[in-house]
Amino acid sequence: MNVYEESRQTLNRDGFVVLRQFLSPTGLRELTDALERYIREVVPGLPDSSAFYHDRARPETLKQMQHFQRAPFLTDYPLQDEWLAMAAGLLGEPAVSMGPEWFNKPPGVEHPTPPHQDNFYFKLSPPQVITAWLALDPTDEENGCLRYVTGSHQRGLRSHAETQVLGFSQGITDYGPDDAARESAVTLHPGDLAVHHGETIHLADANHSSTRQRRAFALVYRGVSAHVDADAKERHQSSVNRQHMGFGLKPRDASS
Ligand SMILES: O=C(O)CCC(=O)C(=O)O
């Protein structure tokens with residue numbers, strides 16, 4: 001029996017589903033402690049492409065991390081049984097981790113997330129891929145919670161173009177009032193998990209609070225049936241590298 005069957009149906013219908021209190025307070029503390037230690041001890045020595053700042057001279061403006069290194073607990077985190085079971089239950093097939101990412105919207109930094117579809121970055125076919133976005137802080141409209149365009153995963157990929165937003169290299173070019181009318185703002189408590197399909201359009205406003213962080217740990221899983229279109233991925237990577245050079249960063253193998 002798939003204990004996630006009802007959630008899988010919601011995900012298939014709406015393009016997203018929220019699993020309340022997926023992580024216990026103890027599990028959440030263990031994860032946030034590991035992330036805080038990583039930020040303190042490892043991040044200062046990382047290459048440009050692994051940790052993005054709004055302003056590199058101000059460590060408190062750290063806004064995104066990927067390619068976790070020298071931190072086996074974080075690198076292996078998505079492989080824990082309960083996470084793999086959740087991903088497989090929602091995808092309806094065995095799941096493969098594509099690695100974790102950490103997102104923040106520090107207060108006082110104008111950093112909206114442009115409307116985009118993750119599979120425009122991933123290039124997976126069939127688009128059997130989900131992102132599980134775990135809230136580490138209370139997230140709401142004031143501090144820039146995620147907004148999903150309900151049902152948008154059923155209409156295929158939209159046209160994207162390069163943005164000026166480090167970490168979200170591509171955004172939808174024709175996002176319009178019809179999309180905005182179908183937006184659902186997702187309010188979460190720490191430990192809640194918002195899971196979206198790889199072709200669900202999502203976006204977020206900047207954090208307009210004066211003191212609150214908006215941190216999340218996001219785990220991406222593909223189904224075993226999904227394969228990367230290597231040529232399309234390479235073209236995407238060249239565009240990301242070009243964009244990073246424009247931001248004055250040294251390109252590596254960054255993918256977002
Ligand atoms: O945290 C955000 O604002 C965006 C996250 C996102 O785009 C994702 O997890 O796919």
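The model I am reading is predicted.

**Entry 1: ligand shell**

I looked up what surrounds the ligand. I find Phe103, Thr113, Asp118, Thr131, Trp133, His202, Ala204, Ala216 and Ala218. By class, the shell residues divide into five nonpolar, three polar and one charged.

I read its order as 5-13-8-11, and the pairing is antiparallel. Which strands sit at the edges? Strand 5 (113-116) and strand 11 (183-185) do, and each pairs on one side only. From one strand to the next, the twist averages 25°.

I checked one pairing in detail. Strand 8 (residues 146-149) runs antiparallel to strand 11, and three bridges connect the pair. I looked for the bridge partner of Tyr148 and found Ser184 in strand 11.

**Entry 2: the core**

I turned to the nonpolar residues. In soluble globular proteins, nonpolar side chains tend to be buried together. Here the largest nonpolar core has 54 residues. I noted those with the most contacts inside this core: Ala87, Ala132, Leu134, Ala194, Val195 and Tyr221.

Leaving out residues up to four places away in sequence, Ala194 touches Phe16, Val18, Trp133, Leu146, Val186 and Leu188. Trp133 is a name I had already written down, as one of the residues around the ligand.

**Entry 3: backbone checks**

A cis peptide bond joins Ser125 and Pro126, with omega at about -10°. I place Pro126 in the loop between strand 6 (124-125) and strand 7.

Two residues other than glycine have positive phi on my list. For Gln21, phi is about 50°. I find Gln21 in the loop between strand 1 (16-19) and helix 2 (25-41). Is Gln21 buried or exposed? Gln21 counts as exposed because 12 C-beta neighbours lie inside 10 Å, and the cut-off for exposed is 12 or fewer.

For His67, phi is near 50°. His67 is in the loop between strand 3 (62-65) and helix 3 (72-75). I counted its surroundings too. His67 has 17 C-beta neighbours inside 10 Å, so I log His67 as partly exposed. A buried residue would need 20 or more.

Note on methods:
Residues numbered from 1 in each chain as written. Predicted model: local features only at pLDDT ≥ 70, side-chain atom pairs only at ≥ 80, totals over all residues. Near = placed C-beta within 6 Å. Nonpolar A, V, L, I, M, F, W, Y, C, P; charged D, E, K, R; others polar. Pairing = 2+ DSSP bridges. Helix = DSSP H or I, 4+ residues; strand = E, 2+ residues; numbered from the N terminus. Axes fitted to C-alpha atoms, helices over the stretch in contact; angles between N-to-C directions. Core = buried A, V, L, I, M, F, W, Y, C linked by C-beta atoms within 7 Å. Contact = placed C-beta atoms within 7 Å.
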